[in-house]
Amino acid sequence: MDLSELRKTVEEMEVVDGHSHNIVAFYSNSISSGFVQAFTVGASADPDAAAFAQTTLSFKRGLRDVAELYGTEVSLQSVEEYRKVSGIESITSTCLKTAKFSAILIDDGIEMDKRNEIQWLKNFTPLVGRILRTERVAEQILEQVRYQYTFTLLMFFILFDGFLSTTVTVAKEIYALKSIVAYYGGLEINLKVTKTEAEESLRQVLINATKPIYLLFHRNLVDYLFLQSLEIALSYDLPMQIHTGFGDRLLDLRKSNPLHFRSVLEDKRYSKCRFVFLHASHPFSKEASYLASVYSQVYLDFGLAIPKLSMHGMISAVKDLLTLAPINKVMFSTDAYTFPETFYLGAKNSREVVFSVLRDACNDGELLISEAVEAAKDILARNAIRFYKINSTNITVP
């Protein structure tokens, strides 16, 4: 079986990254563990946990890939030295251009020290868009009114709706909203949360204001906010990205199974919403695949699972997503953060995994080679271009 056309397509096409984060300066306090932090799960890893990262399969594979890219010895010290000598702009250019990004969508809702903003990234990629994290918007508003005990839910949503409306219509660079509701108690949303309950929850936030404000222990307000965000997403025809599956240790993994989200999917009020389940929902990839097969509004994204898992784990996750899910609902992203190398590794590993999965599908008689070529173009770029309504006149469409 001649797979040369499939391999050429996967290796040479420009990709669209549907979900990632900001890059920071070398001396950011957000990377206190050093470059090894690029191989941990989460933008702000536990330093003690990060110390063990060098014995993971992901680290050993990734370090060799980065050393090959930079032409250095395969050692953490050599790579770190190259990074310091080269500078952040040089290595960002190398990583992003080698990875062949056509477009990158950035969730800038993670607060990081000395981070480079979205505008900076436009120096290296044809199109850079923004993903608006709704809970972070809410927390920023509440930080401005802390201790104002007469501040009401109505006043909050006037500011919240106003900020989102203005940002979406004026900036015109918002391609999606995003929720990390999974971090605030899980994906089982209370669809019957009342305005009174949300009002009391808001009151408690203001009375017990921390710095910065974090909505973790105020579930009624979180659920109410999430449902309001869905209404806003609908009104502007924006998709909603949902954190599902694994993440850092603040997350209760048991509650981030996308099956918990079924009540929202069954609610007719949100039947026209477009949801993206991020991170391959790992380790619940088969559950996510099932949901994408039975709910028209569910789409899947495998960033973070690639490149954080072992090669076997990455291939298994993508195969699990395709167990039931339509090919035109599965999308590439890197979930890259902090380090330019995470963009490069996400793209490089995704190409390798997509080729492996589609090759096996051809060998199993499930796809013709011509169909596999089209599937590769869809997964790595075209699905995201259509889904996020990216203006194709500004980028290369495979």
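Tutor: What follows is a close look at one helix, its packing partners and the spaces and loops around it. This is a predicted model, in which local features need pLDDT of at least 70 and side-chain atom pairs count only at pLDDT 80 or more, while totals for chains, interfaces and linings use all residues. Residues are numbered from 1 along each chain as its sequence is written, and side-chain values use heavy atoms, with hydrogens and water left out.

Let's centre on helix α15, residues 340–363 (helices are DSSP runs of H or I with at least four residues, strands are E runs of at least two, numbered from the N terminus). Start with its packing against helix α5, residues 88–99: the two axes come within 8 Å and cross at roughly 15° (axes are lines fitted to C-alpha atoms, for helices over the stretch in contact, and angles run from 0 to 180 degrees between N-to-C directions). That makes α5 roughly parallel to α15 (under 35 degrees is roughly parallel, over 145 roughly antiparallel, 65 to 115 roughly perpendicular, the rest oblique). The crossing of α5 and α15 is left-handed (the near helix is turned anticlockwise from the far one by less than a right angle; clockwise is right-handed).

The axes of α1 and α15 come within 9 Å and cross at roughly 155°, so α1 and α15 are roughly antiparallel. Their crossing is right-handed. Helix α1 (residues 4–12) also packs against helix α16 (residues 369–387), at an angle of about 10° with axes 9 Å apart. Helix α1 is therefore roughly parallel to α16, and the crossing of α1 and α16 is right-handed too.

(On a 1 Å grid over the protein atoms alone, a pocket is an open set of points with protein on both sides within 12 Å along at least five of seven lines; a cavity is a set where a 1.4 Å probe fits but cannot get out; lining residues have an atom within 4 Å of a point. Points join across faces, edges and corners, and volume is the space filled by probe spheres set on them.) Among the lining residues of this pocket are Lys-319, Leu-322, Val-357, Leu-358, Asp-360 and Ala-361. The whole lining divides into seven nonpolar, one polar and four charged residues (Ala, Val, Leu, Ile, Met, Phe, Trp, Tyr, Cys and Pro are nonpolar, Asp, Glu, Lys and Arg charged, the others, Gly among them, polar).

A search of the whole structure also finds three cavities of 30 Å³ or more.

In the loop between β11 (330–331) and α15 is Asp-335, a non-glycine residue with a positive phi of about 50°. Most residues other than glycine have a negative phi, and most peptide bonds are trans.
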